[in-house]
Amino acid sequence: MNAIVAEFPLLAVTLIKIVVLLFVVLTTLAYLTWFERKVVAHIQTRWGPYRVGPHGLLQPLADGLKFLFKEDPAPAGAERFVYYLAPFLAMTLALTTFAVIPFGPQDIRIFGQRTPLGITDLNIGLLILFAITSLGVYGVALAGWSSNSKYPLLGGLRSSAQMFSYELALTLSVVGVLLMAGSFSLREIIQAQQGRFWGVLPRWNIIAGPFPQIIGFFCYFVAAVAETNRAPFDLPEAESELVAGFHTEYASFKFAMFFMGEYANMITVSCLATIMFFGGWISPFPPAHAWAWTAFLPTALFAGLGLYLFFDGLRYETLLGRIVLPLLGAALCSLAVFFVLHPGANAFVQGPFWFLLKVFLFLFLYVWARGTLPRLRYDQLMAIGWKLLLPLSLANVLLTSLLLAWRQK
Amino acid sequence: MPLTSECLILSAILFGLGVVAFVFKRNLITIFMAIELMLNAVNLAFVAFSRVWGKMDGQVFVFFVIVVAAAEAAVGLAIIILIARNRQSLNVERVDFLKL
Amino acid sequence: MTVQNILFFVFAALVVAGAVSLILQRHPIHCALSLIVVMVSLAGLYLLLGAEFVAAVQIIVYAGAIMVLFVFVIMLLNAGEEERTNLSRLAHAAGVPLALALTAVLGVILTKAARLGGVKPLPPTPTHTLAMFLFRDYVFPFELTSFLILVAILGAVVLAQRER
C-alpha cells in the first residue's frame, strides 16, 4: 500500500478519502431518515419505528433491503434512456457536492502523506457548489417528463420551476458573506471568521463584520429549504397533492436514489449554512486559558450519551436491545476516555466536532420545520421566492457593500 | 505547455459540427441548439486566446457572449413557441410563408 | 502523458461525441442532453485553460439555466421525433465537404494566430483580475447587458403569452 501511495500520492490519497467520505455520507443518509421519522413521530406524540432493532435502529437497513428486492416496473411508453438517467443524475450530483466541503482545520496523515481534512479545496469552491446545485434541476425535470404520465409531468415542471426560482435568492443571499470574506474558497470563508469580539464572542458571519448577515442567513435557509423540495415547500412531491409528484412512476431502487439525493442535498445545505454563517469548525468558546475546560465538551457529550445508552439499554424490552444498546453505550464511554487520555486526539477532534454539531443542529431544524409547519400553496410559494426573498437578498447585498465601502474609506 | 493549439483546433471542429447541424436538421429547436453550439465553439476560442496572451479580455468577452446568448435564447424560444402555435409543427420546412 | 494531457483528451472526446450526437439524434430532448454534455465538458476545458470563473459561469448560466429553458420548451411543445427531410441529395453530398473545408480554414487561421507570440502567463488571481476588468474597463457594456436582459425578459413574456 505504501508503494502505491508513494507512486501516485495525490491520486491514491484522494481516492482513499473519497471512499471513506462516501461510506460516511451514505451511512449518515440512512440514519438521517431514521432520525427524521423518530423526531416527526415524537412531534406528533407517537413513537416512530421501534420494532426493527432496538429503538428502530435497524429500520434504515430494512428499508434498504426492501428497496433492493421490490419489483421494478417502468411505465409503458416511457422514454427509456432519460427515465433511467434522471435518478442517477439526481443522486450523483447531490453526492458530488461533498467534494468541496472542508471538515476540519488540521491536516491528517494517510499512509505518510499530509493532506487536508476534506477532499479538496477549490479557489471557486462556492461557485462550483452552486453550479452542481443548478444542474440538479435536470434530475427533477427529466424524471417528470420521461414518465409519460400527467401527474409526474405537472409535478416535475412545478418542482423544477420552484427550484430555479429559489436559486436566484439562494445565490444572492450569500453575496454578503462573499463580500466580507473576499474569496470563493470555503476554507478561506471560515478563516475570515476567526477572531473574537471583546475576547469572548466568536466573529461568525451572522454577528460579525460591518453588517451582521442575519437577513442573508434567513434568505439562504428559506431558499435552501425550497431548493431541496422540503417542507413547507414540498407541494410538488407531497403525497396528498399531485400523487407523488415527479417520482410517482419510480419504484424501488430508482425511488431510493431520489430519496438519497434529497437527503444528501439537505446535508450539503446544512454544511454550507454552518460554513458561511456560523463559522464552520470555529468553536463558540474562545481559546483563552480561562475557557480551556471547553476542550472537554466533546468528551462530556460522548460520556453522557454513552452512560445514558448503557443504563437505558439494560432495561430495554427485547434481548437484542439489552445486548446491543449497552455495547454501544460502552463504546461511546471508551471513546470519551480515549479523548481524555490522548490530548493530541482531543485537540484534533475539536474542529470536526463543532462542525458536525452545527450541521446536526441544522438538520434538526430541517426536520423540525417538516414536522411543524403546514405546506405552502404553489402560488404562495412562488410569490415568496420572487417577491420576498429576491428583494430581501438584493437589499442585503446593497447594505453589506455600502457598509463595507464606508468602512474602508 | 498549455494545450492552446489543440483547444483552437477543437474550437474549429466544434464550429464546423455546429454548421453541419444547423444546415441538416429540420426541427426548429435543434437548429437553435446548433447556434448555441457555434457560440460555445467561439467561447472556447476566446478562452484559449486569453490563455495564450495572458490577458483577461478574452474571458470578459466570454462573459458577455454568455449573457447575450441567454437573452437571445429567451426571445428566440418565445418566437419558436409562437411559430409552433401558428403552424402546429416544428418542422422548418413548414415555415415557408415568404416562399414565392 | 501528463495528467493534463489525459484530462484534455477525455474532455475533448466528450465534446466531440456530444456534438456528433447532437447531429445524429432524432428526438430533440436527446439533442438537448448531448448539448448539455458538450457544455459541461467545455467547462472542464476552461478549467484546464485556467479560466476558473468562466468555467463556473458556463455551468451555472449556460448548462444550468439556458439549457433548462430549452428542455422546458421541448416539454411544453411536446416535440416529437424529427421527420425525414426532402432536401436534395446534391445538397447533402456537397454540404459535408464544404463544412470540412470551413473547419480546416478556421483551424489553420486560428493556430497561425496563436503562434504569433509566445504563451504568456495568466495573472495569479484570475477571478479578482476579471472582476477588476469587468467593473472598471468594461463597466459600460456590463450595464448595457443588464438593460439587454431586461428587454429580453419583457420580450419573452409578451411573446409567449396565451391568446387573449
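This report describes a predicted model with chains A, B and C, taking the chains and their contacts in turn.

## Confidence

The mean pLDDT of chain A is 87, and 97% of its residues score at least 70. Within chain A, the highest mean among the elements, 93, belongs to helix 10 (residues 214-227), and the lowest, 66, to helix 1 (residues 2-7). Where pLDDT is low, the predicted coordinates should not be read in detail.

## Chain B

Chain B holds 3 helices and 0 strands, so that its order from the N terminus reads α-α-α. Its radius of gyration is 17 Å, well over the 13 Å that the globule rule gives for 100 residues, so chain B is more spread out than a compact globule. The C-alpha trace of chain B spans about 55 × 25 × 20 Å along its principal axes.

Of the 100 residues in chain B, 56% count as buried. When contacts in chain B between residues at least 6 apart in sequence are considered, 52% of them join residues at least 24 apart.

## Which chains touch

There are 2 pairs of chains that touch, and the pair with the most contacts is B and C. Chain A and chain B are joined by no contact; their closest C-alpha atoms lie 15 Å apart.

The contact between chains B and C takes 64 residues from chain B and 67 residues from chain C. On the chain B side, the elements that give two or more residues are helix 1 (4-24), helix 2 (28-53) and helix 3 (57-87). Helix 3 of chain B supplies the largest share of that side, with 21 residues. Sorted by class, the side of chain B that touches chain C has 48 nonpolar, 11 polar and 5 charged residues.

## Domains of chain C

The domain assignment divides chain C into domain 1 (1-80) and domain 2 (122-164). Taken over C-alpha atoms, the centres of these two domains are 22 Å apart. Their contact takes 4 residues from domain 1 and 4 residues from domain 2. The domain 1 side of this contact has 2 nonpolar, 1 polar and 1 charged residues.

## The largest nonpolar core

The largest nonpolar core has 185 residues, and the members that touch the most others are B:Leu37, C:Ala32 and C:Met67. Helix 3 (residues 52-77) of chain C gives the largest share of this core, 17 residues. Both domain 1 (1-80) and domain 2 (122-164) of chain C give residues to the core, so the core lies between them.

Neighbours within four places in sequence aside, C:Ala32 is in contact with B:Met33 in chain B.

## A residue in chain A

A:Ile323 is part of helix 13 (residues 319-341) of chain A. A:Ile323 is 258 residues from A:Leu65 in sequence, and the two are 24 Å apart in space, C-alpha to C-alpha.

How values were computed: Residues numbered from 1 in each chain as written. Chains lettered and ligands numbered in written order. Predicted model: local features only at pLDDT ≥ 70, side-chain atom pairs only at ≥ 80, totals over all residues. Helix = DSSP H or I, 4+ residues; strand = E, 2+ residues; numbered from the N terminus. Rg over C-alpha atoms; globule rule 2.2 N^0.38 Å. Buried ≥ 20, exposed ≤ 12 C-beta atoms within 10 Å, placed from the backbone. Contact = placed C-beta atoms within 7 Å. Domains from an automatic or database assignment. Nonpolar A, V, L, I, M, F, W, Y, C, P; charged D, E, K, R; others polar. Core = buried A, V, L, I, M, F, W, Y, C linked by C-beta atoms within 7 Å. pLDDT = per-residue confidence, 0-100.
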